[in-house]
Amino acid sequence: MLKRGTLVSFFGCSGGNGIMWKKGLLVLMVGVGVILGFLVLGEKKSNQPLKVYVIFQEDAGRILLETFKKKTDQPYDIIRMSSGEASYHLLTLGKTGIDVVLGGPADLHEQLKNKSKSLRYSSAAAGSIPAKYKDSDGYWTGMYMGALAIGVNQTVWQQDPQLAALPLPQRYEDLLRPELKGKIEIPDPETSGTGYTLLASLAQQRGDREAIELMQALKKQSASMTFAGNTSAQHLAEGEMAAAVSFLSDQLRFKNSGYNIRSFIPPQAGWEIGAVSILKGGNNPAAAKQLVDFMLSQEIQTDYMNTAFSFPVTPNIPVNPLLAPVKLENLLATYRFDLAAQQHEKLLSGWRDAME
């Protein structure tokens, strides 16, 4: 049993107990070292790279994530994937370690929600975003909105003797003219979110059978089917095709760079909400929430819309001048992302069966 006064001797030099004092100091230093070690390790763990699937253009994704890194000192790993690729990896594979899915049509994010692959997070920055642009349960939030469009390379069109005298195509059926055989391109609905939006919106407007028949007719008319929607726009800009179907934003991106592209939104065209969601099984949930807050901020909404040629979902942000002529009331107002997600396998199965 310790005698009275031992505690004083333990921390002081009174009573000649120098050895006891040294031992006490050593124990104290070890304890402090252990605590500091935990703090350092904890900081290191929270500062590991944020892993992000980017479903839109990789260069745009890098610019956004570099800005995020400068503001937060958060390192990141970017993985560019098409919507179809991301769907396969996230819905059919096990733990991926991915933290955030950035962009891609809302039906992809609905699938992640339905399969319990995503986490609920309602950012304070989402408070001003209208309900139609975000999940009512808080599993995903829209960042931008875009419409399907028929793009025409006017230089190619005017230099083709078979096309020069024809009116430019403004409806999907216009792309079926015999003079356009092998001169158009559409994205593959199995790999491309753009292609699936085309198929799903046609199905909701016309019924599954008519939608698949039209898509098959467009496929036979196409020189090829692209893996991703922005590839169709790129081939169009480079003059490999006379016309292509993609999201309007992809076409305007090339038009803004000087390519002679003219775009038409077909009557009752499909559209997308480009969304963001946080995944279960990620290694950095705190940084993932920070990224969502960042993407929905007024500053980034304004900056991104001016460079991506998409419609902002946050109110009171002026649209890019190239979008001014677009009449959103001509889009398919009844298009439902939740229904597109629910019917994903059924529609793609019907699409595959029609190719046999």
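Guide: A salt bridge here is a side-chain nitrogen of Lys or Arg within 4 Å of a carboxyl oxygen of Asp or Glu. Aspartate 174 and arginine 177 have side chains that meet in such a pair, at 4.0 Å from N to O.

Visitor: What kind of model is this, and how are residues numbered?

Guide: This is a predicted model, in which local features need pLDDT of at least 70, side-chain atom pairs count only at pLDDT 80 or more, and totals for chains, interfaces and linings use all residues. Residues are numbered from 1 along each chain as its sequence is written, and side-chain values use heavy atoms, with hydrogens and water left out.

Visitor: Aspartate 174, then: buried or exposed?

Guide: Aspartate 174 is buried, at a relative accessible area of 14%; buried means under 20% relative accessible area, exposed over 50%, and partly exposed in between, with a 1.4 Å probe and protein chains only.

Visitor: Which residues do shared partners join into one network?

Guide: Salt bridges with shared partners bring Arg171, Glu173, Asp174, Arg177, Arg206 and Glu210 into one network.

Visitor: On to helix packing. At what angle do α4 and α5 pack?

Guide: Helix α4 (residues 83-92) and helix α5 (residues 106-114) pack at about 5 degrees, with axes 10 Å apart. Axes are lines fitted to C-alpha atoms, for helices over the stretch in contact, and angles run from 0 to 180 degrees between N-to-C directions. The two helices are therefore roughly parallel (under 35 degrees; over 145 is roughly antiparallel, 65 to 115 roughly perpendicular, and the rest oblique).

Visitor: Which residues of α4 and α5 make the contact?

Guide: From α4 come Ser83, Ala86, Ser87, Leu90 and Leu91, and from α5 come Leu108, Gln111 and Leu112; contact means heavy atoms within 4.5 Å. By class, five of these residues are nonpolar, three are polar and none is charged. Ala, Val, Leu, Ile, Met, Phe, Trp, Tyr, Cys and Pro count as nonpolar, Asp, Glu, Lys and Arg as charged, and the others, Gly among them, as polar.

Visitor: How far apart are the axes of α7 and α8?

Guide: The axes of α7 and helix α8 (residues 208-221) are 7 Å apart, and the helices pack at about 140 degrees. That angle makes α7 oblique to α8. In this packing, Gly195, Leu198, Leu199, Leu202, Ala203 and Arg206 of α7 meet Asp208, Glu210, Ala211, Ile212, Leu214 and Met215 of α8. The contact has eight nonpolar, one polar and three charged residues.

Visitor: Where is lysine 280 found?

Guide: Lysine 280 is in the loop between β10 (271-279) and α11 (285-295), and it is partly exposed at 44%. Apart from neighbours within four places in sequence, lysine 280 contacts Ser116, Lys117, Ser118 and Leu119.

Visitor: What is the phi of serine 116?

Guide: Serine 116 has a positive phi of about 60 degrees, although it is not a glycine. Most residues other than glycine have a negative phi. Serine 116 is in the loop between α5 and β4 (118-119) and is partly exposed at 46%. Phenylalanine 309 also has a positive phi of about 60 degrees; this residue lies in the loop between α12 and β11 (311-312) and is buried at 4%.

Visitor: How many helices and strands does the protein have?

Guide: The protein has 14 helices and 11 strands. Of its 356 residues, 48% are buried.

Definitions and conventions
Helix = DSSP H or I, 4+ residues; strand = E, 2+ residues; numbered from the N terminus.
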